[in-house]
Amino acid sequence: MLNGKQVLYSGMQATGTLTLGNYLGALKNWVNLNEEYECIYGVMDLHSLTVRQEPAAFRKNARSLYALYVAAGLDPEKNCIYYQSHVSGHAELSWILGCFTYMGELNRMTQFKDKALRHAENVNAGLYTYPVLMAADILLYQADVVPVGVDQKQHLEITRDIAQRFNAVYGDVFTIPEACIPKAGAKIMSLQDPQKKMSKSDENANATILLLDDKDTVIRKFKRAVTDSDTVVRYGEDKPGIRNLMDIYSCVTGKDYAAIEKEFEGRGYGEFKLATGEAVADELAPLQARYQELMADKAYLDGMIQRNDEKAEGYARKTLRKVQKKVGLTERRF
Ligand code: TRP
């Protein structure tokens, strides 16, 4: 509990630009959660270092992610939005938790196995201990709930295991977090291969809508979206492409599948794709305008970052000192 509310914690890696999938599956759903929870969102820049980054582009991406959080509607006065690397407690707690994590557990992480295959030239120890740092992120703030995509479920489970193991030895130090996984509908697939998740690292640029794509680009990509040889807009198991477009259209307009089927009765795929493209472009336009404003207002953004960094640091320090004391590290006098 923090300020009388349960704590909600989440974040995204600060790599590249966000996609429509990141937005509809996560960011858009985070807005207004602060009414119910004390919300803390990190720009996860330490995690990004597990892959080699070009320093200038990396710094820019991290700031861009911060601005996108705010532009999407997370009010930085009501949500603690901060940089992971600005709170040194993440790295410190991560070390301690690493001493309570078994290699056998880390060896079972499917994301590590996938990434090790994809980055065979750089299978570094950070990639391996990635879940331990993630556990530190969450446990440092005594989070009750953690909204994440289904791909992060295993990392939430290991976080709970580490916390329970620690608590079993030292008493109730950590809150045991619950994962909060969005409904299937919020998983946005590639526009070119609807069996695959929409991903910013897709080689085919037409597969992915980036949050900062302009209107023409968005519409062009939707027009080229892969569907099937049928012509009826219907939510069916056998129509993954149309299903994905219907999910997107539904997320953006709030209409349910029945209403969408009715709206496009007898109108064919072309019109439906165009309507989806337009609806997405209209949804993104105010976000993009706000983003440009924020990126241009250095003083405002810097001020927000500093205030929230300090707030996060205060929360984190409380847990870190408690943990250090519990394990028997000598108290520090400064
Ligand atoms: N690993 C998460 C992802 O790629 C990002 C992340 C890092 C995270 N630390 C976190 C998400 C803590 C939730 C809580 O999506």
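**A perpendicular helix pair and a ligand shell**

In this predicted model, the axes of helix 12 (residues 268-296) and helix 13 (residues 298-327) come within 5 Å and cross at roughly 85 degrees. Axes here are lines fitted to C-alpha atoms, for helices over the stretch in contact, with angles running from 0 to 180 degrees between N-to-C directions. Helices (H or I, at least four residues) and strands (E, at least two) are DSSP runs, numbered from the N terminus. Helix 12 and helix 13 are therefore roughly perpendicular to each other, a term that covers angles of 65 to 115 degrees. Arg290, Leu294, Met295 and Ala296 of helix 12 make the contact with Lys298, Tyr300 and Leu301 of helix 13, where contact means heavy atoms within 4.5 Å. By class, the residues of this contact are five nonpolar, no polar and two charged. Ala, Val, Leu, Ile, Met, Phe, Trp, Tyr, Cys and Pro count as nonpolar, Asp, Glu, Lys and Arg as charged, and the others, Gly among them, as polar.

Residues are numbered from 1 along each chain as its sequence is written. Local features need pLDDT of at least 70 and side-chain atom pairs count only at pLDDT 80 or more, while totals for chains, interfaces and linings use all residues; side-chain values use heavy atoms, leaving out hydrogens and water.

The ligand is surrounded by 13 residues (a heavy atom within 4 Å), of which the closest are His47, Tyr130, Met134, Asp137 and Gln152. This shell comprises seven nonpolar, five polar and one charged residues. For Gln152, an N or O atom of the side chain is 3.0 Å from a ligand nitrogen. Strand 1 (6-13) and helix 7 (125-140) are the elements that give two or more residues to the shell.

Two loops deserve a look at the backbone. Most residues other than glycine have a negative phi. Asn32, however, has a positive phi near 80 degrees and lies in the loop between helix 1 (20-30) and strand 2 (37-44). Gln142 has a positive phi near 50 degrees, in the loop between helix 7 and strand 4 (145-147).

How values were computed:
Angles under 35 degrees count as roughly parallel, over 145 as roughly antiparallel, 65 to 115 as roughly perpendicular and the rest as oblique. A polar contact is a pair of N or O atoms within 3.5 Å; within protein, one must be able to donate a hydrogen and the other to accept it, and residues adjacent in sequence count only if both atoms are side-chain atoms.
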